[in-house]
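User: Hi! I am new to reading protein structures. Could you walk me through this one?

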Amino acid sequence: MADLRIIVVGGGIAGLVAALALRAPRREVIVLEASRMNKELGALISLQPNASKIATSLGLDSILASTGPMEDKAFRVYNPEGQKQMDIPSDFQKYGAQRIIYHRVDLHNALKEACTAPHGYGKPVQIIPSSRVLTADCEKGIVNLESGTTYQGDIIIGADGIHSNLRTSVLGQGVSAPKPTGLSAYRLLLDTADLERSKAFTSVINPREAATIMVVGHDRRIVMGPGRDGSVYGVVAIVPDEHMKEDSDMKSWTSEGDTTKLFESFAEFPEWIKDVLRASNTAPALYQLRDIDPLPNWVRGRTILIGDAAHAMLPTQGQGASQSFEDAEALQAFLRDVNKDTSEAEIKHCLREVYETRHARASLIQAYSRQQAKPGMDPATMKVKLNPVEFLDYNCKYDGAKAWRQKMNKQNVVEGVVSHTTVPLKVVEPLS
Ligand SMILES: Cc1cc2nc3c(=O)[nH]c(=O)nc-3n(C[C@H](O)[C@H](O)[C@H](O)COP(=O)(O)OP(=O)(O)OC[C@H]3O[C@@H](n4cnc5c(N)ncnc54)[C@H](O)[C@@H]3O)c2cc1C
């Protein structure tokens with residue numbers, strides 16, 4: 001019998017983790033990636049417990065072990081005067097997994113390796129670089145590339161990021177275009193050895209200790225911490241556009257920032273913070289932060305959107321990539337028994353199950369990420385009433401899509417809530 005053919009559009013974190021999760025006997029999984037596949041960012045990324053347990057179940061730990069992943073041990077908050085306001089030891093074990101910091105390149109390479117390993121479960125995934133998809137016929141399962149080539153699959157996964165073309169094919173033109181948030185983020189990745197030359201910094205922070213440091217105030221914040229066993233130090237500095245010393249009319253949403261201007265944006269901060277910004281040998285990367293409103297749907301015919309294509313969110317919860325891991329696990333769970341014999345109607349039903357299980361949760365995390373970044377900003381479709389500790393519980397207490405679906409169904413029955421979504425309604429206030 002022929003193999004079930006799954007085409008994944010986009011070879012970022014979401015596309016690769018979905019390809020890996022769907023790799024199985026009697027399946028052919030193809031990833032079409034627009035780039036030449038060698039441009040993953042030099043930055044750190046964390047997987048929260050809800051995602052790190054999925055990484056473990058996909059067998060990624062052994063591949064990543066040699067790259068120096070770091071378990072986050074503490075979260076410390078400082079005010080702009082440099083005084084410590086909070087020191088919270090991490091207590092992630094209660095969620096059944098740790099929050100783990102990786103270098104993005106290491107995570108991306110590990111996903112590629114696991115996807116293409118010759119001896120994994122099922123046939124190796126084929127990753128085809130330089131393959132930009134322009135449009136898809138979502139019902140027939142056909143994708144059309146810029147080169148004129150077409151591919152046809154039984155299932156199409158749209159994982160082509162925040163500027164997704166597949167989103168237009170699924171939902172039509174202009175639905176939930178990326179929104180500027182008025183915030184920009186500088187990203188630096190420092191050699192810890194360079195940072196250690198600053199006595200001012202090391203007298204306050206040990207840059208090799210696995211702790212996340214946040215300095216927040218005056219409308220801006222810096223979030224930083226170590227990676228690769230403490231040999232590198234990642235810094236994200238978030239600044240409202242109106243306070244940026246850069247030309248805010250950037251042509252691209254990602255560009256090279258200017259270290260001096262970054263430094264000027266934090267001129268009011270203490271010397272040890274400014275030393276972090278001074279320690280870089282290269283220009284920082286500069287991003288205009290954008291997200292999208294929750295989409296009205298992720299599925300059309302044989303096609304489903306996942307990752308940033310489906311639910312791009314601000315980085316304030318560090319949940320963007322983690323939500324992609326949840327998408328992948330949900331696809332694995334609901335498509336477990338799908339093969340070439342499965343009817344078209346059944347395939348469509350399974351994709352809808354993924355959407356119905358994932359949509360409310362991802363939308364809530366999008367809304368909360370936005371609320372935390374800029375409390376005054378349009379909160380999209382809902383206002384989340386949970387406090388940060390309750391929301392951390394909401395994010396991290398997650399044991400897979402099927403368990404989540406059961407929990408939400410039960411909650412709705414218990415509360416007598418009739419809803420087309422599975423959002424536990426007591427945590428949100430719908431906007432009137
Ligand atoms: C400052 C910052 C910090 C963050 N920190 C964290 C964190 O600590 N933890 C966390 O979980 N998340 C974090 N995130 C979010 C996370 O980076 C994203 O959610 C995640 O990378 C999204 O992955 P993706 O694969 O959906 O999209 P992308 O990474 O954008 O990948 C999309 C891929 O599709 C390809 N592509 C695009 N268009 C096409 C096309 N037409 N045809 C074929 N291929 C195409 C692209 O080349 C790319 O490879 C952060 C984000 C920012 C901005």
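Predicted model: local features only at pLDDT ≥ 70, side-chain atom pairs only at ≥ 80, totals over all residues.

**Strands and a ligand**

User: Which residue in E20 is the bridge partner of Ile157?

Analyst: Residues are numbered from 1 along each chain as its sequence is written, and side-chain values use heavy atoms, with hydrogens and water left out. Strands (E, at least two residues) and helices (H or I, at least four) are DSSP runs numbered from the N terminus, and two strands pair if DSSP finds at least two bridges between them. E12 pairs with E20 (residues 303-305) in the parallel sense over 3 bridges, and the partner of Ile157 in E20 is Ile304.

User: Which residue of E12 is the bridge partner of Val8?

Analyst: Strand E12 spans residues 155-158 and pairs with E1 in the parallel sense, over 4 bridges. Within E12, the partner of Val8 is Ile157.

User: How many residues of E1 are buried?

Analyst: Buried means under 20% relative accessible area, with a 1.4 Å probe and protein chains only. E1 covers residues 4-9 and is mostly covered. The number of buried residues, out of 6, is 5.

User: What handedness does the β-α-β unit of E1, H1 and E2 have?

Analyst: E1 and E2 (residues 27-32) run parallel, joined by 6 bridges, and helix H1 (residues 13-22) is the helix of the unit. A crossover is right-handed if, with the strands pointing away from the viewer, the path from the first strand over the helix to the second runs clockwise. The unit formed by E1, H1 and E2 is right-handed.

User: Which strands stand at the edges of the sheet?

Analyst: The open sheet has 6 strands in the order E8-E2-E1-E12-E20-E19, with mixed pairing. Each edge strand has a single partner strand, so one side of it is left without a neighbour in the sheet. The edge strands are E8 (126-128) and E19 (299-300).

User: How much of the ligand does the protein bury?

Analyst: Let's start with some contacts. An oxygen atom of the ligand is 2.6 Å from an N or O atom in the side chain of Glu33, and a backbone N or O atom of Val133 lies 2.9 Å from a ligand nitrogen atom. Taken alone, the ligand exposes 1000 Å² (by the Shrake-Rupley method with a 1.4 Å probe). Of that area, the protein buries 85%.

User: Which helix gives the most residues to the shell around the ligand?

Analyst: H1, E3 (44-47), H10 (307-311) and H11 (320-334) each supply at least two residues of this shell. The most, 3 residues, come from H11.

Terms used: Buried < 20%, exposed > 50% of the residue type's maximum accessible area, 1.4 Å probe, protein only. Polar contact = N/O pair within 3.5 Å; in protein donor to acceptor, adjacent residues only side chain to side chain.
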